[in-house]
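Notebook open, model loaded. I wanted the overall layout before anything else.

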Amino acid sequence: MLQPGELQMVEPKRPKPPKHWSDLTVEERKARVIEIGLPGFRADQFSRQWYGRLNDDTSTWTDVPAEMRDKVKAELFPDLMTSVRTLDCDNGTTVKQVWKLFDGALVESVLMRYTNRVTMCISSQAGCGMNCPFCATGQAGLMRNLSTAEIVEQVLDGARKLSRGEISGGEGRVSNIVFMGMGEPMANYKNVIGTIRRLTDPAPAGLGMSARGITVSTVGLVPRIYDLAKEGIPVTLAVSLHAPDDELRDTLVPINTRFKVQEVLDASWHYAEVTGRRISIEYAMIKDINDQAFRAKLLAERLQGQLVHVNLIPLNPTPGSKWTASRPEDEREFVRILESYGVPVTVRDTRGREIDGACGQLAATVN
Ligand code: SAH
């Protein structure tokens, strides 16, 4: 059985990213401001600039005495990441950003603008330790967990660009967040929760986003699903199932050897019951591997009657992969079977594919 903290212990010891404003709760910010010799009321002012006005240039904070600004920058708002590449497609409405962190680690985030919403797909770890054989991130293994501020900063970058009108389509706001970039968010639980709090805390404490617009996607770390249900933040839970039977899932999502399909689903239904939120089941459609009619039936039987929605994702083959996406007719039949059992299902679009920004393509190599 999994011991508490065991999943975090696989992270190798290395220097920590600089402590940043976004790592701190409102109380901790005030204490930190006082600790560096400034009056406590400044904390609120800094947060207004940072989250309210989305102004990350401390030298222009005119409500802060000029001689104070350098110290504020160095002590409270150190640079966390530099952009090493920006790629866009779909006429500039899909933008992938490759970031280099303080220790050279590379992570990616993707902004996707639709007619009525802007979704950001963000990373929670540099690399990933879950080792799913069809996923590009999984191939390189885990480098480290991202700090809360490193995760929040990916969102803030998108929010700033939108507010400055730098994204095609004019001024806008980030409305949705999916933890579907690099990493397994539930294996970096504490910092992911910190991020969700920063994103949902009302301004000026945070960005004031709706928890309903946030989706945490997981391979199914069962104890963490129960923990998430206790947090009292009704984010959407997405579960990367990919197979309805343990025999196949053991190979596609190796953590299944610890947490079986039934345990993952029981935890998911518990989450749905506590939060009232529909569970999203992710299912990458892999030709002749998991897309047979008998698996569609088995999946439908296991999900039928639950507060659930199935997201079929056409496989994005990773370089050198022996697998490809399902045939259109098999995909259609899979959808038909699920629908015949009354299980809601949609097929995910493959936005960002040509910039390696689609599901499972984030590998963060800079060539
Ligand atoms: N670790 C989290 C987030 C991963 S990325 C998780 O596993 O849920 C988000 C989704 O993309 C997951 O469902 C993941 O299984 C899926 N995915 C990974 N590689 C893919 C690929 N090559 N093609 C299609 N989907 C993929």
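I'm working from a predicted model, where local features need pLDDT of at least 70, side-chain atom pairs count only at pLDDT 80 or more, and totals for chains, interfaces and linings use all residues. Residues are numbered from 1 along each chain as its sequence is written, and side-chain values use heavy atoms, with hydrogens and water left out.

Fold: I found eleven helices and twelve strands in the protein chain, read as DSSP runs (H or I, at least four residues, for helices; E, at least two, for strands). The radius of gyration is 21 Å, close to the 21 Å from the globule rule for 367 residues, so the protein chain is as compact as a globular protein of that length. That radius is taken over C-alpha atoms, and the rule is 2.2 Å times the number of residues to the power 0.38. The box filled by the C-alpha atoms is roughly 70 × 45 × 35 Å along the principal axes.

Burial: I noted 56% of the 367 residues as buried, meaning under 20% relative accessible area (1.4 Å probe, protein chains only).

Contacts: among those with a separation of 6 or more, 66% join residues 24 or more positions apart; contact means heavy atoms within 4.5 Å.

Where they meet, 13 residues of domain 1 are in contact with 15 residues of domain 2.

Technical notes. Buried < 20%, exposed > 50% of the residue type's maximum accessible area, 1.4 Å probe, protein only.
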